[in-house]
Amino acid sequence: MPNTTTPCPKCASPYGYSLGNAIYACTECFHEWNPEEKPEEEGAKVVDVNGNVLADGDSVIVIKDLPVKGAPKPVKAGTKVKNIRLGEGDHNIDCKIDGFGSMGLKSEFVRKA
């Protein structure tokens with residue numbers, strides 16, 4: 001059995017060693033991993049203005065008046081939006097607002113309810 005080391009995916013230490021049965025361990029942080037398994041990818045987390053992580057189905061509150069193109073009035077500060085869906089891009093929250101319909105919001109203008 002050759003003496004080979006594998007870098008630790010957690011701390012990047014070059015001293016990861018095989019425990020046998022396809023499991024490796026790090027001598028510095030004691031992390032154990034299987035190099036054949038793909039690491040869990042952490043998707044881009046959507047956070048509100050206060051840093052709280054948002055999830056699909058959450059309710060949020062708009063923190064400032066937001067102008068809407070084609071609408072005679074803005075979405076007022078304090079408007080509660082229920083059952084949001086997270087998406088990609090600049091406007092990362094998809095929702096329905098009473099009186100406005102479906103629209104996209106930026107997470108920097110809402111706080112978790």
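A: Asparagine 92 touches Val46, Arg85, Leu86, Gly87, Leu105, Lys106 and Ser107, leaving out residues up to four places away in sequence; contact means heavy atoms within 4.5 Å. This is a predicted model, where local features need pLDDT of at least 70, side-chain atom pairs count only at pLDDT 80 or more, and totals for chains, interfaces and linings use all residues. Residues are numbered from 1 along each chain as its sequence is written, and side-chain values use heavy atoms, without hydrogens and water.

Q: Why is asparagine 92 called buried?
A: Buried means under 20% relative accessible area (1.4 Å probe, protein chains only). Asparagine 92 has 13% relative accessibility, so the residue counts as buried.

Q: What about aspartate 58: buried or exposed?
A: Buried, because its relative accessibility is 17%. Aspartate 58 is in contact with Val53, Val81, Lys82, Asn83, Ile84 and Lys112, leaving aside neighbours within four places in sequence.

Q: Which backbone nitrogen lies 2.8 Å from a polar atom of the side chain of aspartate 58?
A: That of alanine 55. For asparagine 92, a polar side-chain atom lies 3.1 Å from the backbone nitrogen of serine 107.

Q: What makes up the lining of the largest pocket, by class?
A: Seven nonpolar, two polar and two charged residues. Among the lining residues are Leu66, Pro67, His91, Met103 and Phe109. Ala, Val, Leu, Ile, Met, Phe, Trp, Tyr, Cys and Pro count as nonpolar, Asp, Glu, Lys and Arg as charged, and the others, Gly among them, as polar.

Notes
1 Å grid on protein atoms, 1.4 Å probe; cavity = no way out; pocket = protein on both sides within 12 Å on 5 of 7 lines; lining within 4 Å. Buried < 20%, exposed > 50% of the residue type's maximum accessible area, 1.4 Å probe, protein only. Polar contact = N/O pair within 3.5 Å; in protein donor to acceptor, adjacent residues only side chain to side chain.
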